[in-house]
Amino acid sequence: MIECIFTLDYEIYGSGEGSPRDLVLDPTQRLAELFQEFGAPFVVFAEAVEFAKMEETQSDPDTVAVRAQLRELRAAGHEIALHLHPWWANGRYADGRWHLDWSERKIGTLEPHRVEAIVSGAIHYLREALDDPHFTPLAFRAGQWAIQPTAAIANVLARHGVRVDSSLFKGGRIRGLELDYRPALGNGGFWRFGDDVNVPDPQGKLWEIPIHTQLVPFWQMLGRKRLKLQSKTRGASQGTPLPRYWRDFLRFRYPRKLDFCRMTFKEMREAMEVVLEQRQERREHTLVVAIGHSKDFVDSDAVRGFLAFLQERAVAVTTFWRLLCQEPGPLG
């Protein structure tokens with residue numbers, strides 16, 4: 001059985017540039033209408049810290065609409081999950097722009113009490129936004145995919161009832177953040193982990209269900225659609241202190257994420273055809289996590305075509321919540 005989980009990072013630019021209306025609310029509404037055509041759910045990784053700070057500073061009037069949209073999405077059957085950009089937690093809004101605390105960029109490097117404060121504050125925001133004092137997000141994604149070091153953030157998440165992480169992408173290497181997910185290449189499709197997300201641990205408190213990647217020649221990362229969106233993102237993220245190392249990209253085989261906002265329909269179809277072929281050989285339960293960002297959603301036709309392709313090939317579209325709480329399956 002193959003199941004696909006569409007995950008949406010629901011956020012403005014990490015530098016603080018852009019508006020919730022243009023980068024979050026309007027594109028997510030279009031995406032929700034599209035998925036409704038197929039009766040399919042998706043997972044909303046809501047970046048709770050930035051929206052809480054916007055409300056606190058009253059920097060944007062559309063934060064009220066963000067709360068309303070999150071409630072509407074949940075009522076429609078979409079899953080609300082936790083996404084964190086910890087550099088927002090000490091952020092200040094002055095002179096019409098955000099001044100963010102980049103010393104807290106990697107949540108796993110912070111002291112445990114600081115991790116606890118950021119996570120508990122983010123969950124409190126989601127509970128208020130959803131008007132549900134008992135809400136617990138079951139899934140988590142770290143900002144900039146930074147779930148290394150693992151121990152501190154994993155322990156705090158588990159205490160708060162989070163059961164799944166989906167930050168890792170197999171084969172990933174970001175030297176500027178000291179992230180290295182190449183050791184996970186030999187792991188199965190999903191695994192439990194404890195103090196090291198790369199290392200399967202049957203006693204671990206959390207599941208890792210990684211973002212799906214395919215190792216491709218680096219030149220396949222140079223498609224027109226992807227480069228256009230990357231150029232737009234770079235222009236809006238000036239001042240973000242993330243050193244870039246060309247060696248991260250100049251690899252003969254690069255881990256291309258299944259990004260439903262940046263890939264063409266043809267690229268997505270070809271990536272899934274590889275999964276379908278492998279499934280015939282291995283005959284194991286396969287979970288495929290696709291990633292997208294609200295700010296990148298510009299091509300409805302590509303996503304519509306991909307959803308139709310999945311439907312034709314009998315690939316179910318599900319959520320982490322359904323896997324854990326509703327459907328009998330591999331995570332039960």
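## Helix H3 against helix H4

Val66, Arg67, Leu70 and Arg71 of helix H3 make contact with Tyr125, Leu126, Glu128 and Ala129 of helix H4. Of the residues in this contact, five are nonpolar and three are charged, with no polar residue among them. The structure described here is a predicted model.

Two packed helices are described by the angle between their axes and the distance between the axes. For H3 and H4, the axes cross at roughly 75° and come within 9 Å. Because angles of 65 to 115 degrees count as roughly perpendicular, H3 and H4 are roughly perpendicular to each other.

## Thr63 in helix H3

Helix H3 covers residues 63-75, and Thr63 lies within this helix. Thr63 has a relative accessibility of 7% and therefore counts as buried, since the term applies under 20%.

Apart from its neighbours within four places in sequence, Thr63 is in contact with Phe51, Met54 and Glu55. A further spatial relation involves Arg21: the C-alpha atoms of Thr63 and Arg21 are 8.9 Å apart, while the two residues are 42 residues apart in sequence.

## Helix H4 against helix H5

Helix H4 (residues 112-129) also packs with helix H5 (residues 151-159). Their axes are 9 Å apart, at an angle of about 45°. H4 and H5 are therefore oblique to each other, and H4 passes H5 in a right-handed crossing.

On the H4 side, the contact is formed by Pro112, Val115, Glu116 and Val119. These residues meet Ala152, Ile153, Val156, Leu157 and Arg159 in H5. The contact of H4 with H5 comprises seven nonpolar residues and two charged residues, and no polar ones.

## Nonpolar cores

In soluble globular proteins, nonpolar side chains tend to be buried together. In this model, the largest nonpolar core has 88 residues. The residues with the most contacts inside this core are Phe6, Tyr10, Leu70, Leu82, Val119 and Met272. H4 supplies the largest share of the core, eight residues. Two of the residues named above also take part in helix contacts: Leu70 in that of H3 with H4, and Val119 in that of H4 with H5.

Key: Residues numbered from 1 in each chain as written. Predicted model: local features only at pLDDT ≥ 70, side-chain atom pairs only at ≥ 80, totals over all residues. Heavy atoms only, no water. Axes fitted to C-alpha atoms, helices over the stretch in contact; angles between N-to-C directions. Helix = DSSP H or I, 4+ residues; strand = E, 2+ residues; numbered from the N terminus. Parallel < 35°, antiparallel > 145°, perpendicular 65-115°, else oblique. Left-handed = near helix turned anticlockwise from the far one by under 90°. Contact = heavy atoms within 4.5 Å. Nonpolar A, V, L, I, M, F, W, Y, C, P; charged D, E, K, R; others polar. Core = buried A, V, L, I, M, F, W, Y, C linked by side-chain atoms within 4.5 Å. Buried < 20%, exposed > 50% of the residue type's maximum accessible area, 1.4 Å probe, protein only.
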